[in-house]
Amino acid sequence: ICQKLYFMNLRWMLVAMATLLFISPLSAQIAFWQTYLGGRAFDKGEKLIVQKDGGIMVAGETYSTDDQFDGNHSTDSDIILFKYSTQGSFFWKSYIGGSGMEDLGDLRETADGGFIITGTTNSVDGDLNANNGGNDILVAKLDFKGRVEWIRNLGTKYDDRGLAVAELPSGDFLVGGEIGAPKPVGEELPH
């Protein structure tokens with residue numbers, strides 16, 4: 001089974017499930033289901049993962065506050081996650097954000113069936129309660145139903161960005177990104 005992600009102008013995306021039959025790959029693609037995600041403002045899909053249980057996670061940012069995006073914290077971007085079954089059944093959606101900007105960097109499934117995300121934020125309210133100055137690295141852990149278990153802001157007084165995240169065998173998380181301040185290698189970030 002293969003997933004295809006299409007970006008539609010300044011709208012969200014079309015998610016389609018297809019099977020590839022190896023007898024005649026170009027002519028044997030069959031779409032099982034598709035859905036369109038989007039509101040009236042700029043929305044962007046960035047990540048799509050297939051979970052161990054076969055579920056499909058679609059994540060990105062939304063500026064919309066209408067239609068499917070009625071949980072957005074502001075008219076600035078929030079991170080949004082959607083979960084679907086392989087048959088196209090919608091399970092849930094979840095927002096991460098505040099009145100400022102949130103930008104998705106990475107999304108991964110965790111060993112417990114939940115999710116870890118990293119990205120960038122400049123909010124100090126909503127789901128976030130602190131900011132080190134400028135943009136901060138955002139790290140959030142969600143359970144298997146999309147409920148936020150915890151959120152952390154990491155960064156300097158300059159602009160910082162979370163770009164990648166991985167779960168270590170110990171259950172800890174490794175976060176990669178950019179730090180806007182000139183910091184010596186190996187110096188710990190405030191948290």
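## A hairpin to start with

Strand β11 (residues 148-154) pairs with β10 in the antiparallel sense over six bridges. Strands here are DSSP runs of E with at least two residues, numbered from the N terminus, and two strands pair if DSSP finds at least two bridges between them. One of the residues involved is I137, whose bridge partner in β11 is L154. The hairpin of β10 and β11 has five residues between the strands, and G146 in this hairpin takes a positive phi near 85 degrees.

On to the other partner of β10: strand β9 (residues 115-121) is joined to β10 by seven bridges, and the two run antiparallel. Here I116 has K141 of β10 as its bridge partner. Strand β10 (residues 136-142) is mostly covered, with seven of its seven residues buried; buried means under 20% relative accessible area, exposed over 50%, and partly exposed in between, using a 1.4 Å probe and protein chains only.

## About the model

This is a predicted model, in which local features need pLDDT of at least 70 and side-chain atom pairs count only at pLDDT 80 or more, while totals for chains, interfaces and linings use all residues. Residues are numbered from 1 along each chain as its sequence is written, and side-chain values use heavy atoms, with hydrogens and water left out.

## The chain as a whole

The protein chain has zero helices and 13 strands, where a helix would be a DSSP run of H or I with at least four residues. Of its 191 residues, 45% are buried. The accessible surface comes to about 9800 Å², and carbon and sulfur atoms account for 54% of that; these areas come from the Shrake-Rupley method with a 1.4 Å probe, and for residues only the protein chains shown count as cover.

Contacts (heavy atoms within 4.5 Å) also tell us something about the chain. Among those between residues at least 6 apart in sequence, 46% join residues at least 24 apart.

Now meet an open sheet of four strands, in the order β4-β5-β6-β7, with antiparallel pairing. Its edge strands are β4 (43-50) and β7, each of which pairs on one side only. Inside the sheet, seven bridges link β5 (residues 56-62) to β6, and G60 has I80 in β6 as its bridge partner.

The loop between β6 (78-84) and β7 (90-96) holds G88. Is G88 buried or partly exposed? G88 counts as partly exposed because its relative accessibility is 24%. The C-alpha atoms of G88 and F32 are 8.3 Å apart, although 56 residues separate the two along the chain.
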